[in-house]
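Colleague: I am new to this structure and would be grateful for a guided reading. May I put some questions to you once it is displayed?

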Amino acid sequence: MITLNHVQKQFGSRILFRDCSLQIGVRDRVGLIGPNGSGKTTLFRMILGEESIDEGEILLAKGVRIGYLPQEVISFKGNSVLDEVLKSLTHITSLQDKMKILEEELSDSEDPKKQEKLATEYGKLQERYTLLGGYGLEAEAKRILQGLGFKEMDFDRLTDELSGGWLMRIALAKILLQSPDLLLLDEPTNHLDLASLIWLEEFLINYPGAMVIVSHDRVFLNHLIDRIAEIEAQKMDLFYGDYDHYIEEKEARIQILEATYKTQQRKIGQTERFIERFRAKNTKSSQVQSRIKMLEKIERIELPEKKKEIRFQFPAPERSGHKVVEVKTLHKRYGESVVYRGIDLTLYRGDKVALVGPNGAGKSTLLKILAGVLDFEEGEVVLGKDVTRAYFAQHQFDILRPENTVFEELLSIATDESQTELRTILGTFLFSGDEIEKKVSVLSGGEKSRLILAKMLLKPANFLLFDEPTSHLDIPSRNVLEMALKQFQGTICLITHDRHLINEIANKIIEIDIGIPHLYPGNYDYYLYKKRQIQTEQPVGAIDELPLKKQKTKYMAKEEKRKKAQEMDQFKRQLSVLEKKFQEVEKSLHEATQKLDQLNQRLSDPHLYLNQQETYETVQTHKQIKEQVKELTQLWEFLALELEELKMTSLMSTAKE
């Protein structure tokens, strides 16, 4: 469908990529990745014909329709939300306009012959309109808008009233409704909440066309793509499989490249020493010349430059009391809209909580209340002993003073830190040299996120609250943030649409559903598992049966006692099986981890790389064992949670009796 042949692009003396080739078929799902500034957006613009090509060619099959979602906020004015989305279907709206004109002419005309002619023409247009799905498009547009977080009451709102994030959702809805042959999506999840992201993911899984996606959401990529195209060091490399497979394959390629580089360098060194030693000897002149020519012909292997990555960890905070924050009978509303009606909630030291729920459920409202930046009507929020809070919110982008430089912005909240210490902190967030003199007003979204994180480091707190902290951060930066949050010794409450981050960080999930918080101990996968379990096991008519329990006969009470004893026996057997399984998995994990350590030592031995076959086999075995350790770790964590919950259920059941 689209072919890139040996494409090259540069701006001035800076080459973005050279000799870049890629084929996109009718059902291909490609993830386009690379460092910021590597040329991903430029490549999209070249495919669209909006950017020139310096060398090579881009071939498009005849009639291919392309839908492009850029990163920048798109402005729409003068239409309602629904009309703006429907307006994107120019061929349909053109037919609608013609049909309206004919309808007016039919109603005005009194000439039977003219009426017959107009009716015939109208019939043809109506048939064409029906074939193109015109009568179902409004319903489809509404379905897409609702999937992306709009409510029915929003359909008639003017686009002029909406923020940039909602305008980007409209732009995405327009593209999805058009259903082009190829989707070019540049960070489509940046402005979505978790519910909308999951809906979009399911929509794209069933999408009939091809797509190329730039995204920093590794779970999103894993679910959608079957190939990775990586732009790095002025070239494009292809990796088949999902993002996780790309990580493993890239690591294996680097290990092999480094081993081959060491071998080549050793041979070059030996050859150069031979030349130096025997250069002056006439008897060895032919061998010397032969080796000189050999060196000239060698295609030197170059190792890629190590990429700069942010590196930081939150400083160890002062230890708080066991109870970090307690919400008591809290009421919150916006005008006539009630968000919370008398809720209770307690977070404890060491909790790492993710707030989830549909758009508009009240997640950000609760986070702001916990952070102390939003008032409420009734109830109270009680902080525990020695609790200090730090709050990261998307709206802080606007609070950053645009006239300040990066350094001045950090200096504005500094206390006793020296200029050297401040520069060191900024350096860990990739602000070095002249970059600390950049004005806040010209920073990208990712740079602003990094600056806010840098400011948080200056004020160590033991209760961190985050609202979408990964927006605009690339995957390496997200990984560093993930590690910092993992190692953090205090308490965390966050909202994020990054499911990988939730899985790695959270030990509790709080789902906000119609203003009611529901607690799930565990990570995101465990939360989904319990949700599915609840949905499949909920007894029909359980509520209706409650009054009957008050009318039990002695026989029914005896029967219930027998059933309870039977259930207790079943529970004990279940517990025994689970404990046995847990011990087996723990043993297997220990053995696999030991084997992985041995393979790591083997891979660090330079003698291994003298034998190419042995190198390849060792690398492959290392990949398999690493994957095995990953799977066993996940299973171990899952079984540990199940075991803990089963024991807790037993204790609660015993306490009730």
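This is a predicted model: local features need pLDDT of at least 70, side-chain atom pairs count only at pLDDT 80 or more; totals for chains, interfaces and linings use all residues.

Modeller: Residues are numbered from 1 along each chain as its sequence is written, and side-chain values use heavy atoms, with hydrogens and water left out.

Colleague: How many residues of H6 are buried?

Modeller: Helix H6 covers residues 164-178; helices are DSSP runs (H or I, at least four residues), numbered from the N terminus. Buried means under 20% relative accessible area, exposed over 50%, and partly exposed in between (1.4 Å probe, protein chains only). Among the buried residues are Gly-165, Arg-169 and Lys-174. H6 is mostly covered, and the count is 12 of its 15 residues.

Colleague: Is Glu-187 buried or exposed?

Modeller: Glu-187 sits in the loop between strand E6 (182-186) and helix H7 (194-205), strands being DSSP runs of E with at least two residues. Its phi is near 55 degrees, a positive value in a residue other than glycine. Because its relative accessible area is 6%, Glu-187 is classed as buried.

Colleague: What is the relative accessible area of Glu-435?

Modeller: Glu-435 is found in the loop between helix H14 (419-428) and helix H15 (445-458). Leu-430, with a positive phi of about 70 degrees, lies in the loop between H14 and H15. Glu-435 is partly exposed, and its relative accessible area is 32%.

How values were computed: The expected span of a helix is 1.5 Å times one less than its number of residues.
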